[in-house]
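Several labels are attached to the structure shown here. What does each one rest on?

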Amino acid sequence: VLMMPPAGKSAQGSASSAGAQSTGEEKRMEYVLSGVDGAGEVRVLLSDGGAVVVCAGADDAAVRLELTQAVKSFTGFGSDRITILKIADMNIGEAAS
């Protein structure tokens, strides 16, 4: 079990920084969460208000639950402040060819 202090103020920079620049906490979470069986590629966005996780395995309820529990442990956010979304299929253009 990986226990870390809540992201708190340091995560605020991710919401206010220009562009899609990830913070150190987001990168660490992406690395750890991508190790969850079935998660696949993972992207994380943290703010003072909550966390958003976008991953390939989000259509699996067990994966969503594991990711939510991990984010809760890392950030201290309640599950009502954590959103898990399915990553977009990047091969859409190939299907049209």
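The questions below take the labels in turn and set each against its definition.

Q: What kind of model is this, and how are the residues numbered?
A: This is a predicted model, in which local features need pLDDT of at least 70 and side-chain atom pairs count only at pLDDT 80 or more, while totals for chains, interfaces and linings use all residues. Residues are numbered from 1 along each chain as its sequence is written, and side-chain values use heavy atoms, with hydrogens and water left out.

Q: What makes up the secondary structure of the protein chain?
A: The protein chain has four helices and three strands. Helices (H or I, at least four residues) and strands (E, at least two) are DSSP runs, numbered from the N terminus. Along the sequence the pattern is α-α-β-β-α-β-α.

Q: Why is D59 called exposed?
A: Buried means under 20% relative accessible area, exposed over 50%, and partly exposed in between (1.4 Å probe, protein chains only). D59 has 58% relative accessibility, so D59 counts as exposed. D59 lies in the loop between β2 and α3.

Q: Which residues does D59 touch, not counting residues up to four places away in sequence?
A: D59 touches R64 and K86, where contact means heavy atoms within 4.5 Å. D59 and K86 are 27 residues apart along the chain, and their C-alpha atoms are separated by 6.3 Å.

Q: What is the class of G78, with a relative accessible area of 28%?
A: G78 is partly exposed, because its 28% falls between the two cut-offs, 20% and 50%. G78 is found in the loop between α3 and β3.

Q: What makes the largest nonpolar core a core, and how many residues has it?
A: A nonpolar core is a set of buried Ala, Val, Leu, Ile, Met, Phe, Trp, Tyr and Cys residues joined through side-chain atoms within 4.5 Å. The largest one has 18 residues, and L33, V53 and L67 have the most contacts inside it. The elements giving two or more residues to this core are α2 (24-33), β1 (42-47), β2 (50-55), α3 (61-75) and β3 (82-86). α3 gives the most, with four residues.

Q: Which residues are in contact with L33, leaving aside its neighbours within four places in sequence?
A: L33 is in contact with A39, V42, V44, V53, L67, A70 and V71.

Q: Why are the buried residues of α2 said to line one face of the helix?
A: In α2, E25, E26, M29, E30 and L33 are buried. Seen down the axis of α2, they fall within an arc of 135°, so they line one face. The arc is that of the directions from the helix axis to the C-beta atoms.

Q: How do you know that β1 and β2 pair, and in which sense?
A: Two strands pair if DSSP finds at least two bridges between them. β1 and β2 have six bridges in the antiparallel sense, and they form a hairpin with two residues between them. The bridge partner of L46 in β2 is A51.

Q: In what sense do β2 and β3 pair?
A: β2 and β3 pair in the parallel sense over five bridges, and V53 stands opposite I84 in β3.

Q: Why are β1 and β3 called edge strands?A: The open sheet of three strands has the order β1-β2-β3, with mixed pairing. β1 and β3 each pair on one side only.

Q: Which strands does α2 touch, and at what angle does its direction stand to that of β1?
A: α2 packs on the sheet, touching β1 and β2, and its direction makes about 145° with that of β1. Axes are lines fitted to C-alpha atoms, for helices over the stretch in contact, and angles run from 0 to 180 degrees between N-to-C directions. α3 lies across β1, β2 and β3, running at about 140° to β3.
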